[in-house]
Every structure is written in C-alpha cells, then in structure tokens.
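Student: I would like to go through this model term by term. For each label, I want the value and the cut-off behind it.
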Amino acid sequence: MASEEASLRALESLMSEFFHDRTTNERKHEIEELLNNFAQQIGAWRHCFYFLSNTLNDYVMMYSLTVFENLINKMWLGVPSQDKMEIRSCLPKLLLTQHKSLPNFIRNKLCKVIVDIGRQDWPMFYHDFFTNTLQLIQSPSTTPLGLIMLKTTSEELACPREDLSIARKEELRKLLLDQVPTVLSLLTGILESIWDKHSVIAATPPPSPTSGDNGNNGDLVSNLLQTPPSAKPLNQPVPVLDLESEYICSLALECLTHLFSWIPLSSSITPSLLTTIFHFARFGCDTRAKKMASVNGNSQNVAWTQERGHLGILAMSCINELMSKNCVPIEFEDYLLQLFQQTFYLLQKITRENKTHTVKSRLEELDESYIEKFTDFLRLFVSIHLRRIESNSQFPVVELLGLLFKYTFHQPTHEGYFSCMDIWLLFLEYLTSKIKSRLTDRNTVLNRYKDALVLLLREVLNRIQFRYNQSQLEELDDETLDDDQQTEWQRYLRQSLEVVAKVMELLPTHAFSTLFPVLRDNLTVYLGLQQFIVPSERGHRLNISAENDCRRLHCSLRDLSSLLQAVGRLAEYFIGDAFTTRFNDALTVVERLVESTLYGSRVKLYNMETAVPSVLKPDLIDVHAQSLAALQAYSHWLAQFSSEVQQQNSAQFISLISTTMEAVAPLISTKVPEKLLLSACHLLVSVATTVRPVFLIRIPAVQKIFNRVTDSAAQRLPDEAQVLICRALSNILLLPWPGLSESEQQWQDRSTNHSNLISALTREYRALKSNVVPQGKVQLEDAKVVIHQTLSILKDIVDTVSTEATKSRQICYQSMQDSVQVSLDLFPSYIHQPDVTDEMLSFFLTLFQGLRVQMGGPFTEQIIQTFLNMFTREQLAESILHEGSAGCHVVEKFLKILQVVVQEPGQVFKPFLPSIIALCMEQVYPIVAERPSPDVKAELFELLYEVLHHNWRYFFKSTVLASVHRGTAEEQMENENQFIAIMQAFGQSFLQPDIHIFKQNLTYLESVNTKQKLYHKKIFRTSMLFQFVNVLLQVLVHKSHDLLQEEIGIAVYNMASVDFDSFYTAFLPEFLSSCSGIDANQRTVLGRNFKLDKDLPSFTQNVHRLVNDLRYYRLCNGSLPPGTIKL
C-alpha cells in the first residue's frame, strides 16, 4: 500500500510538471516516454485503479482512464479472464460510488471505458451490461448517470469503429435493436412523468400580458390540424422545471436524438413519445420565461432561462432526426402527419402578432440556435415530405405557406433569411415539377397556390428595393467575397431574383405586370437626370447637391440596378413557345432597355461630376452597366425576333439593333470605366454571335469599332476587352447568317474582310524574327507582350469558331495561316522561356482541337514533328524538374496536344503512335513516376488512356475470320512490350498516395474494359489480372484511399468476374497466405466468410467484410502480450 501511495504521489508530481507552462519540450518528451512505458506493463491497470480511487488530480484520473481504454480496445484479447472479471466488476462500482464527486469530463470518460468493455464482451461475458444501464435509469438517484451510459452505448455500439469484426458489428446492432422498444418506452416515461409532475404545479397559471395570443387570429390547430385527442392540450402552459429535472430532460432528449439517427422508423416510436418531444420543443419558443428572468434580473435566472431554451433546441434536434429519414413506412405516415401538425402549431405560435408583440420581436427573443433548428425542420419538410402530405385533407398546406411567409420575412438575421429563401426555392421547384408532370390539371394546382405566390413575389421585390427596405439592405456587406466569390449583397440579390424567376415561370403574366411598372418608375427617374446636368470647368456636373436628394437618388439608382438584373433574369421566359404570346411584353422591355443604354452613352453620366462622387458615380456606372447586361440577356429573344417576325417588322428590328450599336460604340474606349467597357463588349459579342443580323457590318457605329481596333495608332484596350471586341468583329465576318442559303452568305467578301482584320491584329507579331530571341531584358519583355496579346486574341477566335460550320472554319484558318507559321517558326527560339512556350502551346492546342482538318495532314505532321524534336528527354527534365509549375504547364499542354492527335480517327496521325508512346514511357514517365507531385501525371495518364481507347487495334489486330474458324475470340497481339509498359505504369500509380490520380486511372481502366474487354484479354488475364486485384485489395486494407472504397470494390468485382473459379480457388487462398499479421486459423475464417457470390452487391460486401476483418485480426494479434499462444 505504501508503495502504491508513493507511486500515486510521484505520478501526480509528474503530471503537474508535464502541464506546467515552464516545462521544456524535452522534459515533456521524457515524461511521455515514462508514462507510455508504465502503461505497457502487464498489470498496470491495477495501479491505475488504485490511482483512480485515491486521487483528486484530474490529470492523473484522465491518464489512468486512458490506460484502461488502451487495454480494453487494443489488448483485451490477451488479458487473463480473471483480470477481465475484476475490471468488469470494479469499474462500474467505482462509477456508482464516485459519479457525483467526479468532474463531468472524467465521469463521461469512465462511462466510455465501461461501454468499451460492453462493446467487447456483452452479452456473452458481460451479460448484465445493458440491464445495469436500464436499472441506473430507473433508479431516481442515478437516472442522469444511466442516461449518460445509454447515450454513450448508442454512440459506441450502434456504429462502432473498425476495431471489431463485421460479425460482431452486426451482432451488436441486432442486440441494440432488440432493446429499442424498452429504451424508448423508458425515455418516454421519464419525459412524461417530469412534464406531468410540473404541469400539476403550474395547472392554474396567472393571467399573463401575452394571453391575448389566443385572440382572434384563429387557432390553426383546433380549426384545421385536427390534433389527435390523445395529445395533451396544446395551450397548456410550459411548466417551470427545477434544475435537476431540466438536466434529466436534456440528457433524455440527447439520447433520443442519437437513437433516432440510426434506428429505423417503426411503431416503437409511439404517438405518445412524439407528442412528448413536441411539448418539450415548446420550451424554445416560450418567451414568457425570458420576461420572468429579465424581471427577476439575477444571473441564476438568466442561466435557468437559457437551459429552458436549450431543451427546446434538443427537442427540435430529435424532430429533425426523424424528419431527415426519406424512407417512411406506410404505417408511420400517420405519426409523421401528427408530428407536422404539432410542429406547425409552434410555427403559428411564434409568428402570431398582437398589441404587445410583432412577429420580428418574437423571433428576436428566441435563441438563434432554436430558430436554426426550426428552419432546418421546415427545409426537411418541404424537400422530403411535402409530396407525401400535400394531398392529405387533414393538412392545410396553403395555411402553412402563410405561416412560412410570416416566418421568412421577419427573420432577425440575414443568414436566417437566406435559409428561408432556400426553402421557398425548394417549394417552387417542387410546384414547377408537379405542374409539368400533371399538365391536365395545371390550373387547378396553380389556383390553389396563386395567392401565396403573388404575395411572395411582391414581398421579395419589395425586399430588394431600398425604397422599402433601406435599413436592412444597408447592413449587407458588398465588399467581402465568400467561398462562392460573391458578396453578401450579391448573394441576397441573386437568391431573391431566383425566387422572382421561379414565380415568373409559374405566373408569367402576373409577374411581369408586377415587375415592369416598378422598373418603369425607376427608369423615369434615371432618364430625367438629364435636366439636372449643367456645364462645369471640367465638363459637366449633375446639379443635385442637397443631402436628402442625393440619398434618395442613391436609393433609386441602387433599386434600378437591381430591377434591371431582375428583368434580365426573366429573359428566358419570353422565348421559345412563349415568344408569340408574350411578344408585346418583351418588345416593351427591350425598347426601354435600348433607350436607357443609348441615353447613358450619349449623356455620359459615368463621366459626370457629382456632389457625392464616392457614392453616386459608382451608382451611375452600375446602372449603365446593368442596362447593357440586361439587354444582352435578351439576345436570344432578338434572334427569335429576327427569324420569326423580321419580314413584318424589319424596320423595327433594324432600329433596335442600330440603336443598340450606337449605344455600344462610344463605350469602346480606354476613357470609359472598365466595368462599363466590359459590359458593352459582352453585349456586342452576343449580338454578333447569337443574333447575327445580316446588316450589322454596314451599321456606321460597328464600322467605327472596326476602324478603332485595326488602327495601329489607337490606344489598345485592356486585354479582356480587346479579346472580346476582336471575338465580336471576327464573328460578324465568320458566322453564317441565319435563314439565308449558302449562295447568299457573301463568303468571298467576308473572307477578304476577315483576312484584313487578322492581318491588322497580327501586324507586330508577324514582324518578330523567328531565329532571334531579343537579348535585352526590355526588348524580351516587349516581345513577350506582343506574343501574349496576339495569341490570346487568335486563340479566342479559333475557340469560338471551332464548333461552327466548315466554311467558317476554313475562312478562319486561311486568315491565320501566316500567323500559325510564324508561331511554329518562333517556337524553337523560345523553348527555354516557359511562359512564352506555354502561351504558344495553348494556341496550338486550340488549333488542333478546332481547326486540325483545315490545317491539313502535311502541315499538322510538320507541327507534331517539330514538337517531338524539341521535347527531348533533357528538355522535358528541365521543364518538369527545374522550371517549377510554369515548366510543368508547358509539358502538360504538349501532352494535351498529343491527346488530340491520338484521338483522330483517320490514318493521317497513326504513324506517330510509336514515337508518342515512346515519348510517354521512355522520356516523360521515368521523370514523373516517383515524384509525389501530381504535376504532369494526370495529363500523361489521360494520354495513355486515349492511346488505348482510340487505338486498340495498334495492340490487338482484329481477326474476325480467324476467330470464327478457331472458335475463340482471342486476337493477335502486337506491340506487346509497349502495352505491358502502359499497364505497369497504371498499376504503379495505384501504389502512389495521390487520390485524384488513383481515381482517374481506375476510371480509365474500367472504361477501357467496358469498351474493349481489357480484363478478358489473354495477356492481361494471365499475367496482370490478379496483380491488379492484389494491389487494389492491399489499398483497401491499408486505408490509404478510403474515399474510393466503392469504386475499388466494383473494379475488383469486374476483374474477378473474368474468372470467378480462379479467383476463389487460386487467388483468394494465395492472397490470404501472403497476408502477414494473422494466423492459420484466422486465414481459414477469412476464407470461409468470403461467400462464393457472383453478383456485384454480395461480392463487394464480401470484399469489405474481408478487409474489415483482416484489419481487426491484425489489431488483435498486434495487441497480444509477447509469447502468447494462440489456440
């Protein structure tokens, strides 16, 4: 005893020293080694039990429990049975005698250690484990302790970690499921008894100031929801609980939440239990308690109130666990209906207004977490269960939407509002899909919800306008970007506009008649600004200076910007089948948009001096940019206008396009703010690409843009704008005019004009000397700028035309032929400049993807040969190993070009296959194979996949007649060594840590097998198949790529299914015999448990069972004491 006492004091001293802030890391490491060595000693648990029983030091207690935990989870198999019995006996006794004096975290850890024993030994060796827990719950003095044990048991046994065999996991789950009815009945009893006990005390509450809540608004529950008579009165006051009862209830609700996460919906979850949970959910919306606390004022009351609110949060968590289950048995649907009815009573309660409370003030009084849980409930209801409940006559969906409306638009936080808007979007998507599937009674469905949709639309539109919602909108952050690269304001507006668009889809006429007058009113203010423009020293000034007028103008301009975005978002609902019926509405919108864009460009409000330049100038620029963007959204409508009614309204169409171009042309300037410039460029691109008017090139404003871009003296636009403008001008000349025959396309003139355009754009580029790299730093940078600017334009033009008609691509290539040749001549000179090489290869890649037919065989061969000659092993090594990411990008682009080449179906590029494969396997692969970085690997393996996928006959000659005569499907093998090298590279990649490469390559192998029966080929079947299976199984065993368990299991099945007999009789025994860390008996059990199934689900289940149990056996064997004899 004296020595144990001394050991305890020494341990306490060590632990205190370890956690002292002045202890060095070296000393901490020494102490850690001492403690670890002690824990590994046989019988160390006896000392730890003494320490636990006799210390008050938290660190010592936690260390001692960790020793027990390690013993039970990792060494239990080797512990003598007598020791196990002692441990199973002494730890629960310790818990029972000391649980009230132990710190909570120590008590919880001790519970976890006891549950770990049950996980190993219940019921065979620890038969009273679960009954002990139930007895603790039923005894009033130990109810909290029993509930903690129950929750820990649910956490650790229902979904155990991998340190158990599959059979044991299944056994534990079954044992627990057998106990579920008893446990749920017990928990129901606890919650009901506490509620009833305290409800008796509060049976006659005094009248409260909020008693008017039950006033004239009508009670949805009594009038509509028809709550089952078994339920307690819903208006019964929430009882006042003592602290002990609160604690017990919170533990019981936490238990239920975890149980509901894994038990199936069944009759064990009784109406009585649901009603009880619902009553506890009322704690979260009981504002009366908060008032009492604020009146009494002391901190104890405040803490007590927070605990009451916490009960409501826990109850809602229980409800949401049930709600999240998509698979609902028919017999449980009535229970769900009851749950919905009761929870929507709460929604009615917290959205009810009276003289003393607004809805918003009610919601502000509630705990934010409770609101989040309630919103989660509504989202789960709409997304999963609305389709089940909607047709039920007992459930008033329309009235629910009214409550959801009030709940949404009185949310106290922005995040809460966003979450509610997501729910409305889910509802609108559900309604839209329902109407599309039931076109016959479309109007019946719509009429049911029309009033709700109209109300929603009007309120959402009001909420995005400063005119109605300035205080809230000014709180939104419009600077900080979130993970989706949008500000809080942009997210708010985008989400609101999605709701407007969904309502527009359902009620187009009404939505338009609601939105357009508001847009028109704000446009009138904007267009009326012209009368306030006066001359100034620097040009012109907006003569509005009064603070109130500036504020009102700011709000009006912000609203106009939002409404323009709304109108643009709705453009898709005016085209297609709706074009004719909604033509006049769309025409009205487009005419106003054209008018406002022209007005903005003529008056040049973006250049105007203002009284508050930091506010009004960005507003004016934004409105102008948004009017251009909104007009761009109607380009598909303009294209349909052109094709369908141009003959009758050609003058009107010409006027719209001409005026639009007059609005765009002045903005193509370096003096215009970039935001506005880019909006104008995008609009021009859309008109040139989507609308394609025949007369576009003849419009003076467009000719002015042509002249500006081709004038070498003109100041160059920023890169993005320059690329967009050149794309638009090229498309005007290249893209076929809709509705005209080939002979009317004027290809000859357009070809000449396009050639002149490209010639002007590439003038400086073509002047670069092909065999001389500028030596001076300045001259080199100047040359790089020219190369970058020119190739980015040419690449974009080729990319745009790549999917167009053959004639367009022919003209494009003819215009660029000289520039392409210059690029090829320049390439060798810049091979050691990775940024330039990258740019050039990007251009050639685009050329190969879009214009390889137009380039013709000989020239394409010349390009490929040039590249193959340039990318020697030395050059590849320099790029990959020494030039960092820039060099890797160059090699990746080169490999992408080769991917395009090997995919070509004709015979032109087939002669390059041997040298391409040699380049991959002999030059690139040896450099990247052992590098941990994924750079270049993804593109290399994609190229190898394309080689296999598109050039199978390079390896396997198809000899149909021969195979018919021989009666076999074997094919003649060629280039065998290259095939083997490729397969070995794929196999090697599965031993690498990079999960993306692993997944990519597994997908490639499966794809080749699906198309070409790779796994069935003799060479693969006889010499590679089981090597691959072995590697994949080892990957599963080592858990290195656990995210891909399912994909690996399917691949193993597909490989094994080639020859199941060999898999079961030869491979599996050999695999098991090669597995280290297990004994012969365990190998036999593993083999026996792998059933001879040949269907995919059973086979993959067997694979995962094998892997799990193999890991389990290794864990057990590794934890046995040295010299243990395994029977």
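**Labels and the values behind them**

Tutor: Begin with helix 31. Its buried residues are covered by, among others, helix 29 (700-710), helix 30 (719-734), helix 32 (763-766), helix 33 (777-801) and helix 34 (806-826). Keep in mind that this is a predicted model.

Student: Which residues of helix 31 are buried?

Tutor: Trp747, Arg750, Ser751, His754, Leu757, Ile758, Ala760 and Leu761 are. The label needs a relative accessible area under 20%.

Student: How do you know that the span of helix 31 is close to the expected one?

Tutor: Helix 31 runs over residues 747-761, which is 15 residues. The expected span takes 1.5 Å times one less than the number of residues. That gives 21 Å, and the helix reaches 21 Å from its first C-alpha to its last.

Student: Helix 34 was in that cover. What makes Ser819 buried?

Tutor: Ser819 is found in helix 34. Its relative accessibility is 1%. The limit is under 20%, so Ser819 counts as buried.

Student: What is Ser819 in contact with, leaving aside neighbours within four places in sequence?

Tutor: Thr762, Tyr765, Arg766 and Leu794. Contact here takes heavy atoms within 4.5 Å.

Student: Why is Glu459 called partly exposed?

Tutor: Glu459 has a relative accessible area of 21%. Buried would need a value under 20%, and exposed one over 50%. Glu459 falls in between, so it is partly exposed. Its place is helix 20 (residues 442-463). Outside four places in sequence, Glu459 is in contact with Phe405 and Phe409.

Student: What separates the C-alpha atoms of Glu459 and Lys349?

Tutor: They are separated by 22 Å, and the two residues are 110 residues apart along the chain.

Student: Why does Thr182 count as partly exposed?

Tutor: Its relative accessibility is 41%. Thr182 sits in helix 9 (residues 166-201). Its C-alpha is separated by 39 Å from that of Ala39, 143 residues apart along the chain.

Student: Now the loops. Why is Gln485 called exposed?

Tutor: Gln485 has 55% relative accessibility. The cut-off is over 50%, so Gln485 counts as exposed. It lies in the loop between helix 21 (466-475) and helix 22 (488-506).

Student: And what makes Lys1013 partly exposed?

Tutor: Lys1013 comes to 47%. Exposed needs over 50% and buried under 20%, so Lys1013 is partly exposed. Its place is the loop between helix 43 (995-1012) and helix 44 (1018-1023).

Student: What is there to note about phi in Gln485 and in Lys1013?

Tutor: Gln485 has a phi near 60°, positive in a residue other than glycine. Lys1013 has a positive phi of about 55°, and is not a glycine either. Most residues other than glycine have a negative phi, and most peptide bonds are trans.

Student: Where is a peptide bond cis?

Tutor: From Trp122 to Pro123, with omega near 0°. Pro123 lies in the loop between helix 6 (104-121) and helix 7 (129-138).

Student: Why are helix 38 and helix 40 called roughly parallel?

Tutor: Helix 38 (residues 884-903) and helix 40 (residues 937-950) pack at about 5°, with axes 9 Å apart. Angles under 35 degrees count as roughly parallel, so helix 38 and helix 40 take that label. By class, the contact has 6 nonpolar, 3 polar and 5 charged residues.

Student: Which residues have the most contacts inside the largest nonpolar core?

Tutor: Tyr526 and Trp637, in a core of 393 residues. Helix 19 (residues 414-437) gives the largest share, 12 residues. Beyond four places in sequence, Tyr526 touches residues including Leu557, Leu560, Tyr599, Leu620 and Val623.

Student: What does the whole chain look like?

Tutor: It has 49 helices and 4 strands. The C-alpha trace spans about 105 × 85 × 70 Å along its principal axes. Buried residues make up 53% of the 1127 residues.

Notes. Residues numbered from 1 in each chain as written. Predicted model: local features only at pLDDT ≥ 70, side-chain atom pairs only at ≥ 80, totals over all residues. Heavy atoms only, no water. Axes fitted to C-alpha atoms, helices over the stretch in contact; angles between N-to-C directions. Helix = DSSP H or I, 4+ residues; strand = E, 2+ residues; numbered from the N terminus. Parallel < 35°, antiparallel > 145°, perpendicular 65-115°, else oblique. Nonpolar A, V, L, I, M, F, W, Y, C, P; charged D, E, K, R; others polar. Buried < 20%, exposed > 50% of the residue type's maximum accessible area, 1.4 Å probe, protein only. Core = buried A, V, L, I, M, F, W, Y, C linked by side-chain atoms within 4.5 Å.
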